[in-house]
Amino acid sequence: MGCYLSTSCFGRTFVANAIERCHAIAPGRVEISAPHHHQPIEELEAVLCGFRDRGIALTLHNYFPAPEESFVLNMAAADDLGLERTTSLVMNALRLSKAAGSPLYGIHAGYLARADAQSDGMFAFDDEMSSYGDALDRAVAFVNRVAPAFEAEGVHFLVENLFPSPKKRHSLFCSLDEIREFMARVPKSVGLLFDLGHMNVSSNIMGFDRQAFLDAYLEEFGDRLIEVHISENEGLKDEHLAVRKGSWQLDALRRIHAVPTATGDPRVYCVEARRADESELRESIELVDEIVA
């Protein structure tokens, strides 16, 4: 078992091309994410089945499959259209998880306001925002609706931690208390995707200690932690930089890797360094593989 590479590192192309490029760097281990060109669901099923039949291990993440009309995926959407689009995408992700043989599908925890994606991948949020409690209620209700379908198909449904911006709070699931509150209200079958880069931003903006967070997180939720995302940033925004020697994230991975999952299944580790060239991606994969392979 080795480190996966996210197709988000080769975005704005057809997913088959991105999978091939990831496979060349992290042989046989690819996480399918975004942004990719829209394709009909039946076409994607055939594509993913083909890679599965070649022995390539695939997992699915968040904004995949790409919808025909772009939108920001939000489990806590307050508007009917946003909720309808999110539900449709997530259920299509379950369908494609089966086609790909993916053991999991991870999704961002949700947002307090509607947003549009900008050309740099950052979100521009509406001024009108829900309270944290109302957005949490909607996200929890969404998970409780869809999680049984994933459990029935043997696909782990995972919720990913997010982060605030320096100016305003738009995201759910950023601090340990918020993770506790959310996870206490969803089925035990729901697992976690832990993004180290997101946690780094949250720790800087919200003022908590990374090491203390990780200790408590692993003690309480380590057995439900099914996937880890790895990328670097300077602590104020999600920059998706390559992992380098001496990184604090490598020490964190050693601690995480020592904690087994509840089922004993291997945990997925995935490099999500979108702002890295191929040599940097190879180095990142090698550094992570020294710990988890």
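1. Helices (H or I, at least four residues) and strands (E, at least two) are DSSP runs, numbered from the N terminus. This is a predicted model, in which local features need pLDDT of at least 70 and side-chain atom pairs count only at pLDDT 80 or more, while totals for chains, interfaces and linings use all residues. Residues are numbered from 1 along each chain as its sequence is written, and side-chain values use heavy atoms, with hydrogens and water left out.

2. On the overall fold, the chain has nine helices and ten strands, and its C-alpha trace spans about 45 × 45 × 40 Å along the principal axes. The radius of gyration, taken over C-alpha atoms, is 17 Å, which agrees with the value near 19 Å that a compact globule of 293 residues would have; the globule rule is 2.2 Å times the number of residues to the power 0.38. Contact means heavy atoms within 4.5 Å, and among contacts between residues at least 6 apart in sequence, 76% join residues at least 24 apart.

3. On burial, residues are called buried under 20% relative accessible area, exposed over 50%, and partly exposed in between (1.4 Å probe, protein chains only). Of the 293 residues of the chain, 55% count as buried.

4. A nonpolar core is here a set of buried Ala, Val, Leu, Ile, Met, Phe, Trp, Tyr and Cys residues joined through side-chain atoms within 4.5 Å. The largest such core has 91 residues, and those with the most contacts inside it are Leu5, Tyr105, Phe157, Phe182 and Tyr217. Helix H4 (residues 132-152) gives the most to this core, with nine residues. A second, separate core of seven residues includes Tyr4, Leu104, Ile226 and Val268. In soluble globular proteins, nonpolar side chains tend to be buried together.

5. His198 is in helix H6 and counts as buried because its relative accessible area is 2%. The C-alpha atoms of His198 and Glu239, which are 41 residues apart along the chain, are separated by 9.6 Å.

6. Asn200 is also found in helix H6 (residues 196-206), and it is buried, with a relative accessible area of 4%. Leaving aside neighbours within four places in sequence, Asn200 is in contact with Arg210, Asn233, Glu234, Gly235 and Trp248.

7. Some backbone geometry deserves a check, since most residues other than glycine have a negative phi, and most peptide bonds are trans. The peptide bond from Ala34 to Pro35 is cis, with omega near 5 degrees, and Pro35 sits in the loop between strand S2 (29-32) and helix H2 (41-53). Phe64 and Pro65 are likewise joined by a cis peptide bond, with omega about 10 degrees; Pro65 belongs to the loop between strand S3 (57-61) and helix H3 (80-100).

8. That loop between S3 and H3 also holds Asn62, which has a positive phi of about 50 degrees although it is not a glycine, and which counts as buried at 9% relative accessibility. Arg12, in the loop between strand S1 (4-6) and helix H1 (15-25), has a positive phi of about 60 degrees, but Arg12 counts as exposed at 56% relative accessibility.
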